Amino acid sequence: MTDAADKPAHSIPVYQAEDFSVVNGANLGDPISFAAELDLDDMYELHIGARQNRLSVGPGEGDTLVIAQDTRLGRAGAKVHLDSCLTIMSGTGQTSELLVLVEVDAAGDVEQIYILPLAQLTPRIGYALVGIDTEGTRQKFAEVACVSFSRGTHITMASGTQTRIEDLRVGDAVLTRDDGAQKIRWIGHSTVRAVGEFAPIRIRAGTLHNENDLLVSPDHRLFIYQRSDELGAGRHEVLVRARHLVNGDTVVQEGGGFVEYYQVLFDTHQIIYAEGIAAETLLLDTRTRAAVPQDLGEKLSHSLLGQPAKAHLGFEVSEHLLKHPDAAKLLKRASTR
């Protein structure tokens, strides 16, 4: 596979353990911890004023995860273990899940514990711990890490026709930017709550020359060719994350209800055309492999060993270059002149 340094980091919105502690139960007063230290039926509350921060995680050596350089929490380079998936229940009987991630130092000792809620947590609401799963954590995390298109997205086929993503089938030939017609190897499908940082990004029609709205996962990366280097990136071809383009007008984060997400996998990481916008497909690595059937994941991982990284993997634009009142408008202008 490609070297870990060539692979993009994935930013996840987490709370620190101290933000979510026991208000009633065996571990009264203690913050959330790893599975071995937890007791079912303990009641937790999110502290008032607690805020999610971005933990940037990338693939390390072998099957490990490490904290990336652009993180806002944790120590860059430290290993992160996916400890458990917890099920919590509010007083109204609604259940939700959160993932526990453990950062360790060079000696393997715990430095910090983080929680990644898969639904919005609200202060002053009691959440009873009703389930502890240490087996399915990696798969749950993979679902979060996968870049995804929403139901209804039109994908450009090798023939030039437009097909809704939910109508694609394994074996269909899709037009790719770098390798022409390529056959789909796997299609994933999941339905998630569109809340908080997990809410999809809507890029309204015309924003980036797209005929229809494009709705994608927040960390989905879009490929833009700048005829003039308006961003000051030092190159014409750039990858930008959808969430970095949010401007409250033509690009918005759309929360509420549920969103159906689809993931598309090819033999190699590709750039395809969704509603006319060049966008990346699923990148198979340590974070996402568990979302794919095991036999296919192992087969593709083995076939990718030793293959050079595609040039576009290194084209991602850092967030600070997109600190502009309307980065999407800037990129649209840059692509036409």
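Is Asp41 buried or exposed, and what is the relative accessible area of Asp41? The legends below take up this point and others in a predicted model, in which local features need pLDDT of at least 70, side-chain atom pairs count only at pLDDT 80 or more, and totals for chains, interfaces and linings use all residues. Residues are numbered from 1 along each chain as its sequence is written, and side-chain values use heavy atoms, with hydrogens and water left out.

View A. Asp41 is exposed, with a relative accessible area of 61%, where exposed means over 50%, buried under 20% and partly exposed in between (1.4 Å probe, protein chains only). Asp41 sits in the loop between strand E2 (20-24) and strand E3 (43-46), helices (H or I, at least four residues) and strands (E, at least two) being DSSP runs numbered from the N terminus. Most residues other than glycine have a negative phi.

**View B. The buried residues of helix H3**. In H3 (residues 327-334), the buried residues are Ala327, Ala328, Leu330, Leu331 and Ala334. They lie on the same side of H3, because they cover an arc of only 160° around the axis, the arc being that of the directions from the helix axis to the C-beta atoms. These buried residues pack against strand E18 (221-225), strand E19 (237-241) and strand E20 (251-253), contact meaning heavy atoms within 4.5 Å.

**View C. Asp219 with Arg241 and Arg243**. A salt bridge is a side-chain nitrogen of Lys or Arg within 4 Å of a carboxyl oxygen of Asp or Glu, and Asp219 forms one with Arg241 at 3.0 Å, N to O. Because Asp219 lies in the loop between strand E17 (214-216) and E18, and Arg241 in strand E19, this pair ties together parts that are 22 residues apart in sequence. Asp219 is buried at 7% relative accessible area, and Arg241 is buried at 5%. Asp219 also meets Arg243 in a salt bridge of 2.7 Å, N to O, and Arg243 counts as buried at 13% relative accessibility.

**View D. The salt bridge between Glu111 and Arg75**. The closest N and O atoms of this pair are 3.6 Å apart. Glu111 counts as partly exposed at 37% relative accessibility, and Arg75 counts as partly exposed at 39%.
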